[in-house]
Amino acid sequence: MKVTPEHNERMAKMTFSSVYPHYVTKVEKKGRTTEELLQVIRWLTGYDEVRVQEFIDEKATFKTFFENAKLHPNAHLIKGVVCGYRIEEIDNPLTQQVRFLDKLVDELAKGRKMERILREK
């Protein structure tokens, strides 16, 4: 599926706080924990639990959320399809970063081992 400028704009304006509860529900429904979700977010962005909560409280957009993130050097190893989009083919950096996070949450919910999710092995 081709990413359109409209799709990129929608991703930039979407608030992290509107999506985060869905991440929590998704992973908990599959027997994973919020702590594991936060570990995945910390790995990708460098944000600790307090900073994540600040973004939620501020109703920060994904644009704001990823602007100051220190993406993990291995983030480029996140590949595959999420929501019909092949991550490695997305040319908009912000949209790709949001899809990185979506993919990590999907892997967590599917029961992958944390070391594989965090691209350690």
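The questions and answers below go through a pocket, a helix and some salt bridges of a predicted model.

Q: Which element gives the largest share of the lining of the largest pocket?
A: The largest pocket holds about 200 Å³ of space, and its lining is made up of 14 residues, with V19, Y23, C83, R99 and D102 lying nearest the centre. Two elements, α2 (16-29) and α6 (93-109), each give two or more residues to this lining. The largest share, which amounts to five residues, comes from α6.

Q: How many residues of the lining of the largest pocket are nonpolar?
A: The lining of the largest pocket has 14 residues in total, and these can be sorted by the kind of side chain they carry. Four of the lining residues are charged and one is polar, while the number that are nonpolar is nine.

Q: Is α6 largely enclosed by the rest of the structure or largely exposed, and how many of its residues are buried?
A: A residue counts as buried when its relative accessible area is under 20%. By that cut-off α6 is largely enclosed by the rest of the structure, because the number of its 17 residues that are buried is 16.

Q: How far apart are the end C-alpha atoms of α6?
A: The helix α6 has 17 residues, and at 1.5 Å a residue these should span 24 Å. At the start of this helix, a side-chain oxygen of N92 comes to within 3.1 Å of the backbone nitrogen of L94, and after the helix comes G111, which has a positive phi near 90°.

Q: Which parts does the salt bridge between E107 and R119 tie together?
A: In this salt bridge the closest N and O atoms of E107 and R119 are 2.7 Å apart, and both residues are buried. The two partners are twelve residues apart in sequence, so the pair ties together helix α6, which holds E107, and, on the side of R119, the segment after α7 (114-117).

Q: Are R86 and E88 buried or partly exposed?
A: The side chains of R86 and E88 meet in a salt bridge, with an N to O distance of 2.9 Å. R86 has a relative accessible area of 35%, and E88 likewise has a relative accessibility of 35%. Buried would require a value under 20% and exposed one over 50%, so R86 counts as partly exposed and E88 also counts as partly exposed.

Q: Which residues are linked with R51 in a network of salt bridges?
A: The structure holds ten salt bridges, and in one of them the side chains of R51 and E58 meet at 3.7 Å, N to O. R51 itself is partly exposed, at 26% relative accessibility. The residues linked with R51 in the network are E54 and E58.

Conventions:
Residues are numbered from 1 along each chain as its sequence is written. This is a predicted model: local features need pLDDT of at least 70, side-chain atom pairs count only at pLDDT 80 or more; totals for chains, interfaces and linings use all residues. Side-chain values use heavy atoms; hydrogens and water are left out. On a 1 Å grid over the protein atoms alone, a cavity is a set of points where a 1.4 Å probe fits but cannot get out, and a pocket is an open set with protein on both sides within 12 Å along at least five of seven lines; lining residues have an atom within 4 Å of a point. Grid points are joined across faces, edges and corners, and a volume is the space filled by probe spheres set on the points. Helices (H or I, at least four residues) and strands (E, at least two) are DSSP runs, numbered from the N terminus. Ala, Val, Leu, Ile, Met, Phe, Trp, Tyr, Cys and Pro count as nonpolar, Asp, Glu, Lys and Arg as charged, and the others, Gly among them, as polar. A salt bridge is a side-chain nitrogen of Lys or Arg within 4 Å of a carboxyl oxygen of Asp or Glu. Buried means under 20% relative accessible area, exposed over 50%, partly exposed in between (1.4 Å probe, protein chains only). The expected span of a helix is 1.5 Å times one less than its number of residues. A polar contact is a pair of N or O atoms within 3.5 Å; within protein, one must be able to donate a hydrogen and the other to accept it, and residues adjacent in sequence count only if both atoms are side-chain atoms.
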